[in-house]
Amino acid sequence: MKVRSLILSLAAVMGLALASCNNGAEGDGNLSLSRSSAVVEAGQTVTINATSGDVDVTSQATWATDNEAVATVAAGVVTGVAEGNATITCEYNGQTQTCSIQVIAGSQTGGLLNGSDYYIFQIDQSSFDELSNAGKITADLRSNGAFEGETLVPEDATRVNYVWNPAAEVADAPQTGVNSFGKAEGWFSIAAASPTPAGCWGNICGGLGIASATDTELPKLKNLTAEHEFVIILKGQYTPATSLQIGMTPLGGGDTVTLLEITDSTGEYKDGDWEVFTFSYADLVSMGLDFSQDITAEAWYAWTYTANGAGNRVDVDAVFFYVPAE
């Protein structure tokens, strides 16, 4: 899985260190590392501290890796890139010490379930239960209805997964395989029919619509803070000439604000991997999506997607606000 981070202010992700021990000689002036070996998940980080005598010189030392394809390092923070082994070298005042790093395959979504204060728009039931049992869910904004063609079912639903191209093929959960959290549960999926029908400008498009006047959970979004991030996890299969747009509608109504647009000229995004797109709260505010305001739009769309061209497909696994773990 590839993580596409669009955050202006990226929160630190905690790494997994499965083995560590002290390294180096003791005494004033002798360089020492806080660990001689570590195991880290791909996409995660582990920190190595360096001391010279009793002085922390982590930020002053020179750090290097012998295999950037496996692990990178900056100021003692090692990031796992891909499965394999690498040696991290620390140099300070003419002395060197090393730490052996083993990078292992990580969970597809890293620590996205390890945060707090979740506002859930979409997620699999097992992950939802896990967060709920831990007391981490502030607002449950998942769909309570479905949109079939031009008919809303049930009629009193306040939150609905819309499909704006009624000729598109909608596949309900469960889907084949595992989701981004490694669970054998499905996700919301939509595929463009072939040939592409009229309507929705020949695209597949949809999203989660919420009736703002009647939804009792929606006002809780006014409690979002600068610490929150907005996460969308999806995957798609697109032809190289097509594009995918992800958006959100303004809280007071109006045209959809485009959060991201992928023009898949290289085919990078059609390999079936889950993609994680993350936005800081500051990102959204700068786009005119300030949640401290009242949501006055008759129908507010927490997220929307549009992918043009017949034969394209979008699978949306999870959409939520949360505060990342430190």
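Me: Helices (H or I, at least four residues) and strands (E, at least two) are DSSP runs, numbered from the N terminus. Where does Asn93 lie in these terms?

Reply: Asn93 lies in the loop between β11 (84-92) and β12 (95-104). The model is predicted, so local features need pLDDT of at least 70 and side-chain atom pairs count only at pLDDT 80 or more, while totals for chains, interfaces and linings use all residues. Residues are numbered from 1 along each chain as its sequence is written, and side-chain values use heavy atoms, with hydrogens and water left out.

Me: Why is Asn93 called exposed?

Reply: Exposed means over 50% relative accessible area, buried under 20%, and partly exposed in between (1.4 Å probe, protein chains only). Asn93 has a relative accessible area of 64%, so Asn93 is exposed.

Me: Why is Asp117 called partly exposed?

Reply: The relative accessible area of Asp117 is 23%, and therefore Asp117 counts as partly exposed. Asp117 is found in strand β13 (residues 116-122).

Me: What makes Cys90 count as buried?

Reply: Cys90 has 0% relative accessibility, so Cys90 is buried. Cys99 is buried as well, because its relative accessible area is 1%.

Me: How many disulfides does the structure hold?

Reply: A disulfide is a pair of cysteine sulfur atoms within 2.5 Å. The structure holds zero disulfides.

Me: What makes β9 and β10 a pair?

Reply: Two strands pair if DSSP finds at least two bridges between them. Four bridges join β9 to β10 (residues 77-80), and these strands run antiparallel. Ala71 stands opposite Gly80 in β10.
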